[in-house]
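Hi everyone, thanks for coming. Please have a look at the sequence and the model on the screen, and I'll walk you through a few places in it.

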Amino acid sequence: MRNIHDVAIIGAGPAGSYTAYQLAKDDFDVLVLEKNGPAVLTPACTGIISLEAFKRFHLPEDSIISEIRDIKLISPSGLTLAFRPVSTLAYIVDRIKFDQGLRELALKNGANIKLSASCREIQIKDTHVEVRVNDSGEPIRAKAVVIASGFYHKFCENLDLGSPPDYIQGVQTEVLIEGIEGTEIHVGNGIAPGSFAWVVGIGNSRARIGLTTKKHAPVFLDKFLEGSHLKDKIKEKGPILCKAIPLGSLKMTYSNRLLVVGEAAGLVKATTHGGIYYGLISSQLAVETLKEAFRSGDFGSHIMRRYEERWRSSLGREIKTGYNLRRIFSSLHDCQINRFFKIAMHDGIMDIVYKNARFDWHSDLIFSLARSSSLKNIYPVFFNS
């Protein structure tokens, strides 16, 4: 068949670009279809990526603008818990530079990226996949397709892959601010119902401030910015950026000749809503599976399902545990949250945190806290469920 690519990738975000890079460097014919044009768009993302991710995937270091060391957690009543590890936890990146760096890596290794190419339909044929973009009549053909479009569930629903069980709204703005250093996490139903808000200093008297919540997120962010803690410190506010974030994974992340990676598959930390590292891990596992399919010449679902088996082995426990914790945390009242802070300040809880906390992997910490007798006595439904 003429004009058929090896792999078409929907989306040139981090997961899509990294997938393209891995395939292109091994001489696969890769075409990335990106709905946005050449204009530079700032993603609605705080841009916090762990040292582990940078080391594992050799990510663009010129995108780093600051780092995360100390984290201060603040309760609804103003109680404070400080987490001060001995070394840097994560980097804060310029997301425009970061994304461009991964795209350039893909391009330098031979991938093609087509901008302003909005995917309208994906059709799985016996011998290939057809992707229709914009209003063009002639489809793009490939032997396999990877959906890396972020949280846009239309394609997956149309292909009977389902959709994530839930989602949350995320909003953020960048501000010029005085008197803010480090990172603050604020919890409370008057601030971010069922979730949390953040203030992340990025240097040069600037900070990224945002929150997630189930609904009315922009309203809650405006209220947070006008609160006594921030109002007099903020000198200038940027635009508010919004996005929907999936909670939980798709029913299926594969089909004949098709894989779904990153946020499109719901592979996001439900605890903190970070998706870049898990997206890159899923990208690596997708490429491993695709290479097996090409070697065997078989792109059936019995081959492609290996991808889902792999990501579930690597990420499934984290996603499930985080989703369950998120669901339970969203039901807590402010008085219960304050009680947790009071216990943690005096009852050895922070020792458990220091021993078990890992930036990208939270299930060990969650289960360790669940074994604490102090917390079991206060939250029996929470920790015995």
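Let's start with confidence. The protein averages a pLDDT of 91, and 96% of the residues score at least 70; pLDDT is the predictor's confidence in each residue, from 0 to 100. This is a predicted model, so local features need pLDDT of at least 70 and side-chain atom pairs count only at pLDDT 80 or more, while totals for chains, interfaces and linings use all residues. Residues are numbered from 1 along each chain as its sequence is written, and side-chain values use heavy atoms, with hydrogens and water left out.

Where does pLDDT stay under 50? That is over residues 381–385, for which the model has nine contacts beyond four places in sequence. Contact here means heavy atoms within 4.5 Å.

Now to helix packing. Two packed helices are described by the angle between their axes and the distance between the axes. Axes are lines fitted to C-alpha atoms, for helices over the stretch in contact, and angles run from 0 to 180 degrees between N-to-C directions. Helices (H or I, at least four residues) and strands (E, at least two) are DSSP runs, numbered from the N terminus.

Take helix α1, residues 14–24, and helix α3, residues 95–108: their axes are 7 Å apart, at an angle of about 25°. α1 and α3 are therefore roughly parallel to each other. For the wording, angles under 35 degrees count as roughly parallel, over 145 as roughly antiparallel, 65 to 115 as roughly perpendicular and the rest as oblique. On the α1 side you can find Pro 14, Tyr 18 and Tyr 21, among others, meeting residues of α3 that include Phe 98, Leu 102 and Arg 103. By class, this contact of α1 with α3 has nine nonpolar, one polar and three charged residues. Here Ala, Val, Leu, Ile, Met, Phe, Trp, Tyr, Cys and Pro count as nonpolar, Asp, Glu, Lys and Arg as charged, and the others, Gly among them, as polar.

Next, please find helix α10, residues 363–370. Its axis and that of helix α9, residues 349–356, come within 9 Å and cross at roughly 155°, so α9 and α10 are roughly antiparallel. Among the residues making this contact are Ile 352 of α9 and Leu 365 of α10.

Helix α7, residues 301–329, also packs with α10, at an angle of about 50° with the axes 9 Å apart. That makes α7 and α10 oblique to each other. Arg 317 of α7 and Phe 367 of α10 are among the residues in contact.

Finally, how many salt bridges does the structure hold? There are 22, each a side-chain nitrogen of Lys or Arg within 4 Å of a carboxyl oxygen of Asp or Glu. One joins Glu 130 and Arg 141, with the closest N and O atoms 3.5 Å apart. Glu 130 lies in strand β10 and Arg 141 in strand β11, so the pair ties together parts that are 11 residues apart in sequence.
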